[in-house]
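Please read it alongside the sequence and the coordinates.

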Amino acid sequence: MTAASRTPEPDFGPPRCPICNAPREAHAPHAPFCSARCKKIDLGRWLDEQYVISRPVEQRDLEEGAD
């Protein structure tokens, strides 16, 4: 297979805010959100229990996150 026949990797564009889907800078001060407003909306969703952890946290989960 030659380099010319390979399918180019997709360009996903700039990172997007998970709340409003607006493009944001890669190293935005509120990353992964585009603004303080979207960051607060996300926090509010956690506090209103709109987001949940689907299973109990196990010891191996804590060990994986320690890296």
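The text that follows takes up charged residues, aromatic rings, cysteines and backbone geometry in turn.

The model is predicted, so that local features need pLDDT of at least 70 and side-chain atom pairs count only at pLDDT 80 or more, while totals for chains, interfaces and linings use all residues. Residues are numbered from 1 along each chain as its sequence is written, and side-chain values use heavy atoms, with hydrogens and water left out.

**Buried charges**

Aspartate 42 lies in helix α1, which spans residues 36–47; helices (H or I, at least four residues) and strands (E, at least two) are DSSP runs numbered from the N terminus. Aspartate 42 is buried and yet has no salt bridge, the nearest side chain of opposite charge being that of arginine 45, 5.8 Å away. Here buried means under 20% relative accessible area, exposed means over 50%, and partly exposed covers what is in between, with a 1.4 Å probe and protein chains only. For charge, Lys and Arg count as positive and Asp and Glu as negative, whereas His and the chain ends are not counted. A salt bridge is a side-chain nitrogen of Lys or Arg within 4 Å of a carboxyl oxygen of Asp or Glu.

The side chain of aspartate 42 does make a polar contact with the side chain of tyrosine 51, at 3.3 Å. Such a contact is a pair of N or O atoms within 3.5 Å; within protein, one must be able to donate a hydrogen and the other to accept it, and residues adjacent in sequence count only if both atoms are side-chain atoms. When residues up to four places away in sequence are not counted, aspartate 42 touches Ile19, Phe33 and Tyr51, contact being defined as heavy atoms within 4.5 Å. Isoleucine 19, in the segment before α1, is in contact with Phe33, Cys38, Ile41, Asp42, Arg45 and Tyr51, leaving aside its neighbours within four places in sequence.

Arginine 24, which lies in the segment before α1, is likewise buried without a salt bridge, and the nearest side chain of opposite charge, glutamate 25, is 8.3 Å away. The side chain of arginine 24 reaches the backbone oxygen of alanine 26 at 3.3 Å. Beyond its neighbours within four places in sequence, arginine 24 has contacts that include Pro14, Cys17, Pro32 and Cys34.

**Salt bridges**

Side chains of opposite charge can pair when their charged atoms come close.

| Residue | Partner | Closest N and O atoms |
|---|---|---|
| Arginine 55 | Aspartate 61 | 2.8 Å |
| Glutamate 58 | Arginine 60 | 2.9 Å |

In the pair of arginine 55 and aspartate 61, arginine 55 is partly exposed at 38% relative accessibility, and aspartate 61 is partly exposed at 21%. In the other pair, glutamate 58 is partly exposed, with a relative accessible area of 35%, as is arginine 60 with 47%.

**Aromatic rings and cysteines**

How many aromatic pairs does a search of the whole structure find? The search finds one: tryptophan 46 and tyrosine 51 are edge-to-face, 5.1 Å centre to centre with 70° between the planes. Rings of Phe, Tyr and Trp (its six-membered ring) pair if their centres lie within 6.5 Å, and planes under 30 degrees apart count as stacked, over 60 as edge-to-face and the rest as tilted. Tryptophan 46 is partly exposed at 42% relative accessibility, and tyrosine 51, with a relative accessible area of 26%, is also partly exposed.

The structure holds zero disulfides. Cysteine 17 is in none, the nearest cysteine sulfur, that of cysteine 38, being 3.7 Å away, whereas a disulfide is a pair of cysteine sulfur atoms within 2.5 Å. Cysteine 17 is buried, at 2% relative accessibility. The sulfur of cysteine 34 is 3.6 Å from the closest cysteine sulfur, in cysteine 20, and therefore too far for a bond; cysteine 34 is partly exposed at 29% relative accessibility.

**Backbone geometry**

Most residues other than glycine have a negative phi, and most peptide bonds are trans. A cis peptide bond joins alanine 31 and proline 32, with omega of about 10°. Asparagine 21, although not a glycine, has a positive phi of about 65°; asparagine 21 is in the segment before α1 and is partly exposed, with a relative accessible area of 48%. Glutamate 49, also not a glycine, has a positive phi of about 60°; its place is in the loop between α1 and α2 (59–65), and glutamate 49 is exposed, with a relative accessible area of 64%.
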